[in-house]
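Thanks for making time this morning.

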Amino acid sequence: RGRSVMVIGNEKGSDTESRIRHNFGMAMPEGYRKAVRLMEMADKFSLPVITLVDTAGAYPGIGAEERGQAEAIARSTDCCLKLGVPLVAVIIGEGGSGGAVAIATANRILMLEHAIYSVISPEGAASIIWRDSNKKEDAATAMKITAQDLETLGVIDVIVPEPVGGAHRDRARMMRVAGDAIAKALAEFDGMKPGDIRKQR
């Protein structure tokens, strides 16, 4: 739409083969370090940042922990907070745990109508609270992870409507509608000083 921006996102994959190739959208520490590098570059060149979030969380493997997964997530979250340019996050599927927060600490959080956003997966919460992952539906209800609940609680700013049956049923329309919502969110920050944008976040 004639505006330069920095886009950062998770690629989850659409079938078993692509999901395995993309590690089910779970970033390694290097992924968060790359996100930090790109956000800092966007800040240097005054480019607004748009993040497209679709992850169950950061990759929890031993190798990732050995390479500093927690530190990488913390630095990414800190970088989001320091930016002097607008940051608009769009939860396009699943926004799970600190892995999502690391790139979604934003001025505006948009969420697709049927997406979910939480600090832990319902299965993980059920395992901790009831020691029974089969109680995931009870956990999901209690955690209020839907777009409608999160808008009521003030966690997100905008619900982006999806076509009947979900976003994947009409991708072209979904991109257009999400693009309109992102453009509207970015327009709110036109003319604002970096310090004010940072404070507003």
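Before the details, one term: a residue is called buried when its relative accessible area is under 20%, exposed when that area is over 50%, and partly exposed in between. Please also keep in mind that this is a predicted model.

With that cut-off in hand, take D54, which counts as buried because its relative accessible area is 15%. Its partner is K12, and the side chains of D54 and K12 meet in a salt bridge, with 3.4 Å from N to O. That pair links distant parts of the chain, since D54 sits in strand β2 while K12 is in the loop between β1 and α1, 42 residues apart. K12 is also buried, at 12% relative accessibility, and K12, D54 and E94 are linked in a network of salt bridges.

As a general point, side chains of opposite charge can pair when their charged atoms come close. R1 is exposed at 68% relative accessibility, whereas D180 is partly exposed at 44%. In the other, R3 and D190 meet through their side chains at 2.9 Å, N to O, and this pair joins the segment before β1 to the loop between α9 and α10, across 187 residues. Both partners are partly exposed, R3 with a relative accessible area of 39% and D190 with 48%.

Let me turn to the pocket. The largest pocket holds about 1,100 Å³ of space, and 32 residues line it, with L52, D54, I92, L112 and A167 lying nearest its centre. So the buried D54 we began with comes back here as one of the residues nearest that centre. The elements that give two or more residues to the lining are β1, α1, β2, β3 and α9. Which element gives the most to the lining? It is α9, with eight residues.

For the cysteines, a search of the whole structure finds zero disulfides.

Finally, the surface around the loop between α6 and α7. I128, I129 and W130 make a nonpolar surface patch of about 330 Å², and W130 lies in that loop, where it is partly exposed at 35%. R131 lies in the loop as well and is exposed, at 75% relative accessibility. Its phi is near 55°, a positive value in a residue other than glycine. N23, in the loop between α1 and α2, likewise has a positive phi of about 55° although it is not a glycine.

Notes
Residues are numbered from 1 along each chain as its sequence is written. This is a predicted model: local features need pLDDT of at least 70, side-chain atom pairs count only at pLDDT 80 or more; totals for chains, interfaces and linings use all residues. Side-chain values use heavy atoms; hydrogens and water are left out. A disulfide is a pair of cysteine sulfur atoms within 2.5 Å. Patches are made of residues with over 30% relative accessible area and no salt bridge: like charges are joined within 9 Å, nonpolar side chains (Val, Leu, Ile, Met, Phe, Trp, Tyr) within 5 Å. Accessible areas come from the Shrake-Rupley method with a 1.4 Å probe; for residues, only the protein chains shown count as cover. A salt bridge is a side-chain nitrogen of Lys or Arg within 4 Å of a carboxyl oxygen of Asp or Glu. Helices (H or I, at least four residues) and strands (E, at least two) are DSSP runs, numbered from the N terminus. Buried means under 20% relative accessible area, exposed over 50%, partly exposed in between (1.4 Å probe, protein chains only). On a 1 Å grid over the protein atoms alone, a cavity is a set of points where a 1.4 Å probe fits but cannot get out, and a pocket is an open set with protein on both sides within 12 Å along at least five of seven lines; lining residues have an atom within 4 Å of a point. Grid points are joined across faces, edges and corners, and a volume is the space filled by probe spheres set on the points.
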